[in-house]
Amino acid sequence: MHLDPRDRALLQQVQDDFPLDPRPYRVLGEVLGMPEREVMERLTDLSRRGVIRHIAPILEPGSLGISASTLVAMRVPKERMHEVAAIVNEYDGVSHNYRRDGDYNLWFTVAAAGEGELLDTLDEIIRRSMIPFRDVLNLPIARRFKLDVRFRFLAEEDDDGQD
Amino acid sequence: MMDRIDRELLRLTQDGIGIEERPFLHAATALGIGEEEVVARLQRLRQNGVVRRFGTRINPRKADFPANAMVVWSVPRDRIADIGAAMAESPDVTHCYERRTIPGRWEYNLYTVLHCRDREDALRRVAALSRATGAAEYRVLFSTEEFKQRPGGRIGPAAGPERGQ
């Protein structure tokens with residue numbers, strides 16, 4: 001996916017310091033020295049290409065009454081992977097679901113209002129998936145050190161030169 | 001921490017604001033308030049932590065970061081606070097959690113996620129984290145298929161019939 005230097009500068013600014021202003025794209029343009037129209041055209045293009053999923057408030061689950069969350073790993077037979085992944089995806093509490101390398105090959109996160117609800121959801125997923133308990137790892141969070149999904153759009157260019 | 005208008009505002013914007021000159025106009029009209037108030041409410045929600053940040057949700061795969069590496073580390077209990085804090089400091093790391101182990105089956109207690117340009121780049125960055133922290137026992141689990149990826153926090157579909165607050 002080609003990102004030109006102006007895309008990169010824009011992505012960095014939109015990610016790091018989106019102006020909460022009635023005319024945010026005009027303010028972004030002022031900061032970056034770009035016309036508002038160019039800001040909007042580039043962002044529209046980046047959205048169309050799928051680089052940007054949304055421009056939105058990222059909410060803190062804890063503030064919304066979601067207090068229990070876990071990461072689950074399953075050993076799923078290759079030929080059942082898509083079937084099981086689809087079952088897992090049905091649940092609203094599941095926000096991330098990935099196939100990964102290794103013998104535990106399906107990894108997903110489940111969150112709920114409380115521990116009881118979380119375990120109920122997990123039990124149901126496991127039962128419907130027909131994956132034996134010995135092939136499931138339930139790995140609840142003990143402590144959060146960091147959750148900050150931001151990227152370095154500008155620094156990457158500099159790194160290139162050094163390798 | 002949130003009144004009914006705040007909740008509605010987040011519900012209206014959580015799936016993305018428009019890329020148009022006045023992207024908050026839609027929510028303002030729907031809520032019967034001004035755009036200035038919409039913006040002021042979002043600022044307050046960001047300050048008090050309900051909104052962790054306001055900005056883009058990127059698709060790393062399409063933004064030059066296609067390699068998604070989850071690294072599971074097994075570190076000594078008495079060092080996990082220091083090592084976890086050190087890994088969290090690294091700009092390469094987007095997620096860093098301590099998780100409960102399953103004794104005898106799964107002894108990894110620290111989890112980090114890195115988004116990198118390719119696997120080689122990821123492995124190099126993971127090796128650097130290992131050297132910097134002394135955490136030597138780890139496995140790198142690259143994702144090979146994404147089945148679901150959406151924000152962990154969402155406001156439910158309906159605000160329901162008026163319920164006071």
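UniProt positions are given here in the numbering of this structure, feature names are shortened, and annotations may be inferred rather than shown by experiment. With that in mind, the unreviewed UniProt entry places "domain: Siroheme decarboxylase AsnC-like ligand binding" at residues 65-148 of chain B. The model itself is predicted.

That span of chain B, residues 65-148, is 30% helix and 38% strand, and its end C-alpha atoms are 17 Å apart. In chain A, UniProt gives the feature "domain: Siroheme decarboxylase AsnC-like ligand binding" (unreviewed entry) at residues 64-146. Residues 64-146 of chain A are 29% helix and 39% strand, with 19 Å between the end C-alpha atoms.

A second annotation covers an earlier part of the sequence. For chain A, UniProt lists "domain: Siroheme decarboxylase NirL-like HTH" (unreviewed entry) at residues 7-53. This stretch of chain A is 68% helix and 4% strand, and its end C-alpha atoms lie 15 Å apart. For chain B, the annotation "domain: Siroheme decarboxylase NirL-like HTH" (unreviewed entry) covers residues 6-52. Residues 6-52 of chain B are 60% helix and 4% strand, again with end C-alpha atoms 15 Å apart.

Chain A is divided into domain 1, residues 5-57, and domain 2, residues 61-140. The C-alpha centres of these two domains of chain A are 35 Å apart. In chain B, the assignment gives domain 1 as residues 4-47 and domain 2 as residues 60-142. Between the C-alpha centres of domain 1 and domain 2 of chain B the separation is 36 Å.

Consider next the helices of chain A. Two packed helices are described by the angle between their axes and the distance between the axes. Helix α1(A), residues 5-16, packs against helix α3(A), residues 36-48, at an angle of about 90°, and the axes are 11 Å apart. Angles of 65 to 115 degrees count as roughly perpendicular, and α1(A) and α3(A) are therefore roughly perpendicular to each other. On the α1(A) side the contact involves R6(A), D7(A) and L10(A), which meet V39(A), R42(A) and L46(A) of α3(A). By class, this contact has 3 nonpolar and 3 charged residues, and no polar ones.

The two chains also touch each other. In this interface, 61 residues of chain A are in contact with 67 residues of chain B. The elements of chain A that each supply at least two residues to this side include α1, α2 (24-32), α3, β1 (52-59) and α4 (81-89), along with β3 (94-100), β4 (106-112) and β5 (136-147). The largest share, 10 residues, comes from β5(A). By class, the side of chain A that touches chain B has 36 nonpolar, 11 polar and 14 charged residues.

Strand pairing also joins the chains. Strand β1(A) and strand β1(B), residues 51-58, pair in the antiparallel sense over 7 bridges. Within this pairing, A56(A) has G55(B) as its bridge partner.

A further set of strands forms a barrel. Here 8 strands close up in the order β2(A)-β4(A)-β3(A)-β5(B)-β2(B)-β4(B)-β3(B)-β5(A), with antiparallel pairing. From one strand to the next, the twist averages 35°. Helix α5(A), residues 115-129, packs on the sheet and touches β2 (68-74), β4 and β5 of chain A. The direction of α5(A) makes about 145° with that of β4(A).

Strands β2(A) and β4(A) pair in the antiparallel sense over 7 bridges, and V72(A) has F108(A) in β4(A) as its bridge partner. Strand β2(A) is also joined to β5(A) by 5 bridges, and these two run antiparallel. In β5(A), L139(A) stands opposite L71(A). The pairing of β3(A) with β5(B), residues 138-149, crosses from chain A to chain B; it is antiparallel and has 5 bridges. There, Y98(A) has E146(B) in β5(B) as its bridge partner.

Technical notes. Residues numbered from 1 in each chain as written. Chains lettered and ligands numbered in written order. Predicted model: local features only at pLDDT ≥ 70, side-chain atom pairs only at ≥ 80, totals over all residues. Axes fitted to C-alpha atoms, helices over the stretch in contact; angles between N-to-C directions. Parallel < 35°, antiparallel > 145°, perpendicular 65-115°, else oblique. Contact = placed C-beta atoms within 7 Å. Nonpolar A, V, L, I, M, F, W, Y, C, P; charged D, E, K, R; others polar. Pairing = 2+ DSSP bridges. Domains from an automatic or database assignment.
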